[in-house]
Structures are given as structure tokens and as C-alpha cells.
Amino acid sequence: MSTELTRLQTRLIEHFQRGFPTTPRPFETIASELGTNEDTVLSAISDLKDKGYLDRIGATYATGRAGASSLAAMEVPNDQLEKIAAQVSHFTEINHNYEREDKLNLWFVVTTADQASLDTTIKAIETKTGFPVYRMPMIEHYRLDLGFALKWN
């Protein structure tokens, strides 16, 4: 399987990290903007997922505006890090996780509908992985643009 991105896939990633359409048929709206059809867009997205470039498509929102969320970290032995990261990523409440060079070496954000669901999800992660999850409460809010360009000049 080729890991190269098509022109359409590159455009999907670059143009819809922000401003994703909130229409009844967002992929049809995207297709119209890109001069193609909805089935082609859905196929390109499916291929991106299969190739590992895309894990999920979903909303992000400011902490405290809706639902409940927490930055979290785990201390995982390096030889188990990849396996545990995959287990954590399996939870739909996790957007992404990443490794840090620290004693707490696996970090992620848990986002749920409410505090009870957040507590349940964190407990489920601990049960599945066998490692404690450390919550990092937000002390000060920072807004980061997490979008990225695929091409550099």
C-alpha cells in the first residue's frame, strides 16, 4: 500500500483542520468546495485513516464551555510505551496522545460529556493499561492553534 498522499488528501488535511463545515452534510460541502463529490471525499478520508495519517474527525472546544476534559499523563516503561499508547488511543474520548521525555512519558487529553464520564473513562484507562493516570488540572487557559501545514517554504 502506498503511503503517498494524493493531491485531494493533502488539500483535505490542509484546508479543513480549521473551519470544518457545520452543515447537515459536511463532506458534501467539502466536496463542493474542492470541486469533487462526497463519495470521493469519503473514500480519500477512509484511505487516510487506513494509512494512519488520520485517526478521527471531530470538534474541539474551549475547556469549560461544554463537557468535561483533563490533560493527563502516565508513567509507562519505555519498552511498553507503544503498546500502552495504542490502548489509550483506542478510547474514543482520547483525541491523541504523545510521548514526552520525562518520568511521566505518555500524555493525552480526555474529553467527555460530563465529570462522571471523565472519571469513568480515566478509571477504564487505568484498568485496561494497568498504570495510574495522573490528572493535570488547568491553572491557566492558553489557546494554541494545533493546525499544521504539510508543505514548508
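## A buried asparagine

A polar atom in the side chain of N105 sits 2.7 Å from the backbone oxygen of V76. That is a polar contact, meaning a pair of N or O atoms within 3.5 Å; within protein, one must be able to donate a hydrogen and the other to accept it, and residues adjacent in sequence count only if both atoms are side-chain atoms. Before going on, note that this is a predicted model, where local features need pLDDT of at least 70 and side-chain atom pairs count only at pLDDT 80 or more, while totals for chains, interfaces and linings use all residues. Residues are numbered from 1 along each chain as its sequence is written, and side-chain values use heavy atoms, with hydrogens and water left out.

So where is N105? Look in the loop between strand 2 (94-99) and strand 3. Helices (H or I, at least four residues) and strands (E, at least two) are DSSP runs, numbered from the N terminus. N105 counts as buried because its relative accessibility is 4%. Here, buried means under 20% relative accessible area, exposed means over 50%, and partly exposed is in between (1.4 Å probe, protein chains only). If you skip neighbours within four places in sequence, N105 is in contact with M74, E75, V76, N78, L81, Y98, E99 and R100; contact means heavy atoms within 4.5 Å.

Four of them make an open sheet in the order 2-3-1-4, with antiparallel pairing. Strand 2 and strand 4 (134-136) are the edge strands, each pairing on one side only. On average, neighbouring strands of this sheet are turned by 30° against each other, direction ignored. Two strands pair if DSSP finds at least two bridges between them.

Let's walk across it. Strand 2 and strand 3 are antiparallel and share four bridges, with N97 opposite F108 in strand 3. A hairpin through six residues connects strand 2 to strand 3. Strand 1 and strand 3 also run antiparallel, joined by seven bridges, and A73 stands opposite W107 in strand 3. Finally, strand 1 (residues 68-74) pairs with strand 4 in the antiparallel sense over three bridges, where A72 has R135 as its bridge partner.

## Strand 3 and its threonine

How enclosed is strand 3 by the rest of the structure? Largely, because five of its seven residues are buried. T112 belongs to strand 3 (residues 106-112), and T112 counts as buried because its relative accessibility is 7%. The T112 side chain reaches the backbone oxygen of D114 at 2.9 Å.

Helix 5 (residues 115-129) lies across strand 1, strand 2, strand 3 and strand 4, and runs at about 140° to strand 3. Axes are lines fitted to C-alpha atoms, for helices over the stretch in contact, and angles run from 0 to 180 degrees between N-to-C directions.

## A histidine in strand 2

H96 has its place in strand 2. Is H96 buried or partly exposed? H96 is partly exposed, because its relative accessible area is 36%. Not counting residues up to four places away in sequence, H96 touches W107, F108 and V109. H96 and V110 are 14 residues apart in sequence and 9.0 Å apart in space, C-alpha to C-alpha.

## Three helices packing

Over to the helices. In helix 1 (residues 7-15), the buried residues are L8, Q9, T10, L12 and I13, and they pack against helix 2 (26-34) and helix 3 (38-51). The axes of helix 1 and helix 3 come within 10 Å and cross at roughly 85°, so helix 1 and helix 3 are roughly perpendicular to each other. For angles, under 35 degrees counts as roughly parallel, over 145 as roughly antiparallel, 65 to 115 as roughly perpendicular and the rest as oblique. In this packing, L8, Q9, L12 and I13 of helix 1 meet T40, V41, A44, I45, D47, L48 and K51 of helix 3. By class, that contact has seven nonpolar, two polar and two charged residues. Ala, Val, Leu, Ile, Met, Phe, Trp, Tyr, Cys and Pro count as nonpolar, Asp, Glu, Lys and Arg as charged, and the others, Gly among them, as polar.

Helix 2 and helix 3 pack at about 105°, with their axes 8 Å apart, so helix 2 and helix 3 are roughly perpendicular to each other. Here F27, E28, I30 and A31 in helix 2 meet E38, V41, L42 and I45 in helix 3. The residues of this contact divide into six nonpolar, no polar and two charged.
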